Amino acid sequence: GDTREEGRDECILTLGVSELCGRMSGRVKNKAPNPRQITAEQLLREAWERKEETQTKVPLQTINDAQELREYQHRRRKEFEDRLRMARTNIPTWINYAKWEVVQREYTRARSIFERALDIDYRNHSLWLAYAEMEMRHRFINHARNVWDRATTLLPRVDQLWFKYAYMEEMLGREDQARAVFERWMGWHPDEHAWVAFARFELRRGKVENAREVYRRFVKESPAPSSFLRLARFEEKSGIISLSRLAYEDALRVLPEDQLDSRFYIEFAKFEERVGEFERCRAIYSYAKSASDSKRSVSWNAIDIDQSSAAFERRHGSLSSTERNLLERKRGEFEETLSEMPSDYDTWFRYLQMEQEMVQATNRTSPVAQLESIERIRELFC
C-alpha cells in the first residue's frame, strides 16, 4: 500500500512540473514594443464605425373612441402632475404641460396651468411670454391684452414685454393703444433702444412731427452725445439741415466738454462735409485738435480725429493744407517716440532734418511759416 501511494505522489509531482513548464513556455519572451501601435482614439473611432444603428421609434397610438381619448388624457395629465410634484419650480415643465393642453384644445386648463406656474415664479419673463403668445396665437386678444398688462405692471424693466405688447397693438391696427403702451413705457425712463423704437413706430405711422417730439423728449430725458446724434441724424434724414445743425450746436452748448468724445466731433464734421460746408468742417477738426487734455473725455481718441481730418483734406483740401496735415501727423509721431525714448538721437536728427527742409520749402512761399519753423528748430535744440 505504501508503495502505491509513493508512486501516485511521484506521478502527481511529475504532472505538476510538466504543467508549470508548459505555462512558462507560453509567456512572452520578447518585451519590445510592437512596431504597429494602436491609439485609444483609433479604437474609439473603429468602435463608433462598427456600431449598429438601432433607432427606437415610438409606436403610434390610435385612438378609436372618446373613452380611449379620456384615458389617454388622464394618463398624460397624471405624468405631468407627477413630474411637477417632484420638481415644482421647473418652469419648462409647466410650459410644456400648458402647451399640451392647448393641443388638446383645453384652453381653460392651459390658462389654469399658467396661473399656477405664475404663483410659483412670476418674475420669470419667459413664462409671461409663453402665456401671452398662447393667447395671441389662438386669437384671444382680450386675454392676451390682460396678460401683457399684468406682465408689464409686475416686470416693468423687462423691455421684451413692452416690445411685444406694443407690437401686438400695432399689428391689430390700434394705433392709439400702441402709443399709450409706449407712453407708459417711457414713464419708467428706459434706455435708448426704447426711445428709438417709439420714434420708429411714429415714423411707420407717418407721424414725422410726433417722431421729432419723441427724439426731443429723449434728449431732455438723457442729455448725452449719443442722444443728440440720434436727433441730428433724424433731422438730416428728414431733409431739414438747419435743425440737424442746431442739434449739434445744442450739444456743444448744453453738454460739458469732458463729455463730448471724439466720435461726436467726427460725426459733426462729416455732417458739414455732406452738406458742402467745407470751411465749417475744417474749423470743427481744428477745434477738436486744439482741445486741451483736461477738457477731453475718457473715450477721446486723437488718432481717429487725425485720420478723419487727413481723409477730409485729401478729398477736399488744397495741396498746402494736405501737406500741412501730413506734417502735423509726422511731428506727432516724432514727439511720441521721443517722449518714450528721449535718448534716441537718430529720431532727434530726423526730426531736425524735417524741420530744416520745411524752412527751405517755405523760404519763398510764406515768410511767417519760415520764422515759425526756425523757432521750432531752436526749441528742439534747446
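This is a predicted model: local features need pLDDT of at least 70, side-chain atom pairs count only at pLDDT 80 or more; totals for chains, interfaces and linings use all residues.
## Aromatic pairs, charged residues and loop geometry

Trp-195 is a buried residue, its relative accessible area being 3%.

**Aromatic pairs between helices**

- Because Trp-195 belongs to helix H10 (residues 192-204) and Phe-218 to helix H11 (residues 208-221), their pair ties together parts that are 23 residues apart in sequence.
- Phe-218 counts as buried, with a relative accessibility of 3%, and Trp-195, at a relative accessible area of 3%, is buried as well.
- A tilted aromatic pair is formed by Tyr-215 and Phe-234, whose ring centres are 5.1 Å apart and whose planes stand at 35° to one another.
- Tyr-215 is placed in helix H11 and Phe-234 in helix H12 (residues 225-238), so this pair ties together parts that are 19 residues apart in sequence.
- Both Tyr-215 and Phe-234 are buried.

**An aromatic cluster**

- One aromatic cluster is made up of Trp-162, Phe-163, Phe-182, Trp-185, Phe-198 and Phe-201.

**Arginines over aromatic rings**

- Arg-83 has its charged end over the ring of Phe-80, at 5.3 Å from the centre of that ring.
- The face of Phe-140 has Arg-111 lying over it, 4.8 Å from the ring centre.

**Arginines with positive phi**

- Arg-105, although not a glycine, has a positive phi of about 65°, and its place is in the loop between helix H4 (91-103) and helix H5 (107-120).
- With a relative accessible area of 67%, Arg-105 is exposed.
- Arg-139, which is likewise not a glycine, has a positive phi of about 65° and lies in the loop between helix H6 (125-137) and helix H7 (141-154).
- Arg-139 is exposed, its relative accessible area being 73%.

**The surroundings of Arg-376**

- Arg-376 is located in helix H19 (residues 367-381) and counts as partly exposed, at 29% relative accessibility.
- When neighbours within four places in sequence are left aside, Arg-376 is in contact with Arg-331, Tyr-351 and Glu-355.
- Between the C-alpha atoms of Arg-376 and Gln-356, residues that are 20 apart along the chain, the separation is 9.8 Å.

Methods. Residues are numbered from 1 along each chain as its sequence is written. Side-chain values use heavy atoms; hydrogens and water are left out. Helices (H or I, at least four residues) and strands (E, at least two) are DSSP runs, numbered from the N terminus. Buried means under 20% relative accessible area, exposed over 50%, partly exposed in between (1.4 Å probe, protein chains only). Contact means heavy atoms within 4.5 Å. Rings of Phe, Tyr and Trp (its six-membered ring) pair if their centres lie within 6.5 Å; planes under 30 degrees apart count as stacked, over 60 as edge-to-face and the rest as tilted. A charge sits over a ring if NZ of Lys or CZ of Arg is within 6 Å of the ring centre and within 35 degrees of the ring normal.
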